[in-house]
Amino acid sequence: MKILVPVKRVVDYNVKVRVKTDGSGIETAGVKMSMNPFDEIAVEEAVRLKEKGVVTEIVAISMGVPQCSETLRTALAMGADRGILVETTDELQQLAVAKLLKAIVDQEKPQLVILGKQAIDDDMSATGQMLAALLGWSQGTFASKVEVAGDIATVTREVDGGLETVALNLPAIITTDLRLNEPRYASLPNIMKARKKPIANVKPADLGVDTTPRLTVLKVEEPPKRKAGVKVKTVAELVGKLKTEAKVI
């Protein structure tokens, strides 16, 4: 079985995000970038399935500027077998990414695509669902447990009321939630081995995909700063403030 794992290069989750002075977007110049944490979970799950003997090949895919190859190297060091970089400096929105992934799926013929449920830069949570719709494949989103046996993938997913278990006929799309696993750290030997693993470089035009943005960002701004809290001496004073100032009761 072959698995495709898309991985996105985002601002590192430890970095405080800053908005550009002109409000056109997020400042990325000189900012530490890393793999989207949900995609790390997807890579880890693919590697675990390979260690169980369920999977024979893991192909990592990233899209964007040439530096995305660094993100692919991280995935290769974690255990992916080879990488594909769709290199472009254009803005890639979710529908364009899904179309590019569909084109790669048509070429690679995988039985499973595992990707993070969302990226921490835009929190869109749409690419996996769009890809499933374009391919006409079954999907298991927000997975907290994945089991694959034969042509069936059993996915336990988190819903508002608790947990839901679905059985998917392969090929299928799975998006990963935080509680699925704990990603491993790449060892130094594996980092060295990753340098020799192949990364294919393609362009959107090679895949026959139009990546023209469908959405326009009008303005990006920071949320308003919260007012400082106050301490109250009695419950009666608290209730009074909730009634007269906060007007929530």
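Gln 93 touches Pro 213, Arg 214 and Leu 215, leaving aside residues up to four places away in sequence, and in this predicted model the residue sits in the loop between strand E5 (82-87) and helix H3 (94-108). With a relative accessible area of 10%, Gln 93 counts as buried because that value falls under the 20% cut-off.

The nonpolar interior can be taken next. In soluble globular proteins, nonpolar side chains tend to be buried together. Here the largest nonpolar core has 34 residues, and those with the most contacts inside it are Ile 3, Val 5, Val 43, Leu 112 and Ile 174. Helices H1 (37-51) and H2 (68-78) are among the elements that give two or more residues to this core, as are strands E1 (2-6), E4 (57-64), E6 (112-116), E7 (138-149), E8 (152-159) and E10 (172-176). Apart from this core lies another, of 22 residues, including Val 59, Ile 84, Leu 100 and Leu 207. Val 5, for its part, touches Ala 42, Val 43, Ala 46, Ile 58, Val 59, Ala 60, Ile 61 and Ile 114, again not counting residues up to four places away in sequence.

Helix H4 (residues 127-135) has as its buried residues Thr 127, Gly 128, Leu 131, Ala 132 and Leu 135. Seen down the axis of H4, these residues fall within an arc of 135°, so they line one face of the helix. An α-helix has 3.6 residues a turn, so residues three or four places apart point the same way. The buried residues of H4 pack against H3, E6, E7 and E10, and just after H4, Gly 136 takes a positive phi of about 75°.

Technical notes: Residues are numbered from 1 along each chain as its sequence is written. This is a predicted model: local features need pLDDT of at least 70, side-chain atom pairs count only at pLDDT 80 or more; totals for chains, interfaces and linings use all residues. Side-chain values use heavy atoms; hydrogens and water are left out. Helices (H or I, at least four residues) and strands (E, at least two) are DSSP runs, numbered from the N terminus. Buried means under 20% relative accessible area, exposed over 50%, partly exposed in between (1.4 Å probe, protein chains only). Contact means heavy atoms within 4.5 Å. A nonpolar core is a set of buried Ala, Val, Leu, Ile, Met, Phe, Trp, Tyr and Cys residues joined through side-chain atoms within 4.5 Å. The arc is that of the directions from the helix axis to the C-beta atoms.
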